[in-house]
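Have the structure open as you read.

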Amino acid sequence: MPVKECIKHGAKLYCFNKDDKTVSLFSEQKIDLKECPEDVINAIIDVAYDVKMIINATPIKKRNTEGIMLARNCAEYNGVMKKLKYFFVYWVWQFPQMLLGAILVKILKAEKRTITTKDGLQIDHWYFKRETKFSRFISGVSLAIFILLSDNNNDEDTICHEYGHSRQSLYLGLFYLLIIGIPSVCGNLWSRYAHKDWSDYDRHCWYYIILKWEKWADKLGNVDRIAVLNRILVRQRLV
Ligand SMILES: [Zn+2]
């Protein structure tokens with residue numbers, strides 16, 4: 001039985017004769033350790049420390065400590081690269097929205113939550129109570145990793161839509177606020193001001209179908225807007 005399995009890289013690590021203090025690790029497919037996911041490398045290191053292993057892992061083709069050292073170096077390399085990548089992708093490429101998001105989390109005293117969507121996607125978001133004039137005005141905003149949603153606006157479709165904005169931020173980086181943020185705020189304010197007398201359904205149609213950046217966010221967040229609109233229509237008819 002494999003002790004660890006990496007489906008992506010087709011690697012299966014087997015462990016035998018643990019009591020004899022020997023272990024063999026086999027990979028069924030050639031693994032480039034630099035490409036090797038961190039959890040697989042960690043598995044190699046864990047087992048190595050556990051049982052003072054004899055490594056017999058292809059394609060390392062080295063025995064004993066050399067193999068362990070190689071795995072350890074790769075784990076460190078992957079760890080550093082991961083942190084650097086995170087720093088550049090979020091705190092450099094998306095700096096303005098990250099900063100704004102972090103400030104809003106503090107001001108709104110938002111709490112982090114995670115939902116698992118029907119597609120199995122885990123989305124982190126920050127939840128806040130609409131206690132002040134400011135928090136009532138915001139209702140929902142997406143700033144890089146910070147998806148901020150109020151207590152009356154946090155259903156799965158909204159979270160997925162905001163996740164779509166979060167992905168737009170990833171693609172557009174420093175230009176996100178200019179291309180998406182400002183039009184989004186303007187569209188939102190215009191809708192609140194000019195569509196006061198419109199039905200819920202009409203307001204939703206205008207906002208999510210006509211406004212291209214909102215439609216794009218729906219697409220990236222995998223939101224079935226037609227289904228949402230149909231639900232609103234049914235609700236409206238029932239009232
Ligand atoms: Zn939106």
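Two residues are in contact here if their C-beta atoms, placed from the backbone, lie within 7 Å. The model is a predicted one: local features need pLDDT of at least 70, side-chain atom pairs count only at pLDDT 80 or more, and totals for chains, interfaces and linings use all residues. Residues are numbered from 1 along each chain as its sequence is written. Helices (H or I, at least four residues) and strands (E, at least two) are DSSP runs, numbered from the N terminus.

**Helix pairs**

Axes are lines fitted to C-alpha atoms, for helices over the stretch in contact, and angles run from 0 to 180 degrees between N-to-C directions.

| Pair | Angle | Axes |
|---|---|---|
| H7 and H9 | roughly 165° | within 9 Å |
| H5 and H8 | about 100° | 7 Å apart |
| H7 and H8 | about 80° | 5 Å apart |

Angles under 35 degrees count as roughly parallel, over 145 as roughly antiparallel, 65 to 115 as roughly perpendicular and the rest as oblique.

Start with H7 (residues 200-210) and H9 (residues 225-238), whose axes cross at roughly 165°. That makes H7 roughly antiparallel to H9. On the H7 side, Asp200, Tyr201, His204, Cys205 and Tyr208 meet Arg225, Leu229, Ile232, Leu233 and Gln236 of H9. This contact of H7 with H9 holds six nonpolar, two polar and two charged residues. Here Ala, Val, Leu, Ile, Met, Phe, Trp, Tyr, Cys and Pro count as nonpolar, Asp, Glu, Lys and Arg as charged, and the others, Gly among them, as polar.

H7 also packs against H8, at about 80°, so H7 and H8 are roughly perpendicular to each other. Tyr207, Tyr208 and Ile209 in H7 meet Glu214, Lys215 and Asp218 in H8. By class, the contact of H7 with H8 has three nonpolar, no polar and three charged residues.

H8 (residues 212-220) packs against H5 (residues 156-172) too, and H5 and H8 are therefore roughly perpendicular to each other.

Most residues other than glycine have a negative phi. What is phi for Lys109? Phi of Lys109 is near 50°, a positive value. Lys109 lies in the loop between helix H3 (95-107) and strand E3 (111-116). Asn222, in the loop between H8 and H9, has a positive phi of about 60°.

Are these residues buried (20 or more other C-beta atoms within 10 Å), exposed (12 or fewer) or partly exposed (in between)? Lys109 counts as exposed because it has 12 C-beta neighbours inside 10 Å. Asn222 has 15 such neighbours, so Asn222 counts as partly exposed.
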